[in-house]
Amino acid sequence: MRIGAHVDQADPLAEAASRSAGAAQFFLSDPQGWKAPKPREDADRLRAADVDLYVHAPYVINVATLNNRIRIPSRKLLLGHAAAAAEIGAKGLIVHGGHVNAGDDLAVGFDNWRKTFAYAADSGGFPLPVLIENTAGGENACARRLDALARLWDALGDHEVGFCLDTCHAHAGGEELLDLVDRVKAITGRIDLVHANNSKGDFNSGQDRHDNLDGGTIDPDLVVAVIRAAGAPVIVETPGGVAGQAADIAFLRERLGTGA
Ligand SMILES: [Zn+2]
């Protein structure tokens with residue numbers, strides 16, 4: 001089982017090495033911006049590396065929204081990131097589930113997700129797995145709670161869609177971690193990646209505030225149990241830089257009894 005961290009995008013392989021990580025997740029552009037990712041000069045080196053790479057799409061992307069001025073550029077930015085992530089040999093592109101605005105019909109949001117995959121399919125399909133991630137907040141989110149996630153997966157139908165389970169987002173979003181993997185897999189059939197984070201916010205607080213695994217409001221044993229049940233690669237998106245994340249990775253290795 002590969003365990004890694006979300007790291008700075010300038011030199012992800014050096015960042016991974018400094019944490020003894022077997023996997024690295026990073027952004028390919030400003031996560032708060034709309035600029036398309038630039039081709040990376042280190043693409044050959046990234047592709048050849050013995051580190052599993054994951055790309056996190058910008059936070060501004062919201063393909064579900066009924067607002068055309070956000071949805072259309074979101075779709076474009078997602079496709080651009082998929083091409084750029086495939087170019088560096090990434091295993092997956094992680095994107096948040098998105099939301100509709102207050103008063104808007106969530107059913108349209110789910111259908112907008114379907115259209116995103118249909119649009120990609122028209123141009124040959126996404127060149128790598130796209131992993132939709134559960135989110136912590138909002139009352140109109142597509143992937144905060146499992147009832148919404150089930151509707152999203154229904155809408156996506158036969159399209160090839162992956163899932164990234166974030167333990168902080170689940171807890172803060174109001175889903176108990178106990179047996180969560182079984183309940184998620186009953187909907188999605190798969191978990192491609194676990195974001196192993198503790199939560200500064202309380203259960204169901206809606207707050208997206210990550211903490212180190214031995215801090216926060218989640219019993220770390222529950223995070224370990226989620227990882228075991230998921231059987232998927234793990235990325236920690238925790239604070240504390242190299243030291244904090246290396247400690248989280250070491251903690252997981254020890255608890256999981258894996259040399260990964
Ligand atoms: Zn996450």
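**Figure 1. The loop residue N204 in the predicted model.** N204 is partly exposed, with a relative accessible area of 37%; buried means under 20% relative accessible area, exposed over 50%, and partly exposed in between, for a 1.4 Å probe and protein chains only. This residue is found in the loop between β8 (198-199) and β9 (210-211). Helices (H or I, at least four residues) and strands (E, at least two) are DSSP runs, numbered from the N terminus. Phi of N204 is near 65°, a positive value in a residue other than glycine. Residues are numbered from 1 along each chain as its sequence is written, and side-chain values use heavy atoms, with hydrogens and water left out. The model is predicted: local features need pLDDT of at least 70 and side-chain atom pairs count only at pLDDT 80 or more, whereas totals for chains, interfaces and linings use all residues.

**Figure 2. The loop residue S20.** S20 lies in the loop between α1 (12-18) and β2 (23-26). Its phi is near 50°, which is a positive value in a residue other than glycine.

**Figure 3. The zinc site.** The zinc ion is coordinated by E133 (OE), D166 (OD), H195 (ND1) and E237 (OE), at 2.1 to 2.2 Å. Donors are N, O and S atoms within 2.8 Å of the metal (3.2 Å for Na, K and Ca); water is not among the atoms, so sites may look incomplete. Along the chain, the donors of the zinc ion follow the spacing E-x32-D-x28-H-x41-E. D166 lies in strand β6 and E237 in the loop between β10 (234-236) and α9 (241-256), so the pair ties together parts that are 71 residues apart in sequence. Both D166 and E237 are buried. The four donor atoms subtend angles of 86 to 171° around the zinc ion, which makes the arrangement irregular. Four donors count as tetrahedral if all angles lie between 85 and 135 degrees; four count as square planar and six as octahedral if opposite donors are over 155 degrees apart and all others between 65 and 115; anything else is irregular.

Figure 4. In helix α5 (residues 146-156), the buried residues are L146, A148, L149, L152, W153 and L156. They cover an arc of only 150° around the axis, which puts them on the same side of α5; the arc is that of the directions from the helix axis to the C-beta atoms. D147 and D154, on the other side of α5, are exposed. The cover over the buried residues of α5 includes α4 (106-122), β5 (130-133), β6 (162-166) and α7 (180-188), where contact means heavy atoms within 4.5 Å. G157 follows α5 and has a positive phi, near 55°.

**Figure 5. The buried face of helix α8.** V223, V224, V226, I227 and A230 are the buried residues of helix α8 (residues 220-230). Seen down the axis of α8, these buried residues fall within an arc of 155°, so they line one face of the helix. They pack against β6, α6 (167-173), α7, β7 (193-195), β10 and α9.

**Figure 6. The setting of the close-up views.** The secondary structure of the protein comes to nine helices and ten strands. Of its 260 residues, 53% count as buried. Taken along the principal axes, the C-alpha atoms fill a box of roughly 45 × 40 × 30 Å. Among contacts between residues at least 6 apart in sequence, 74% join residues at least 24 apart.
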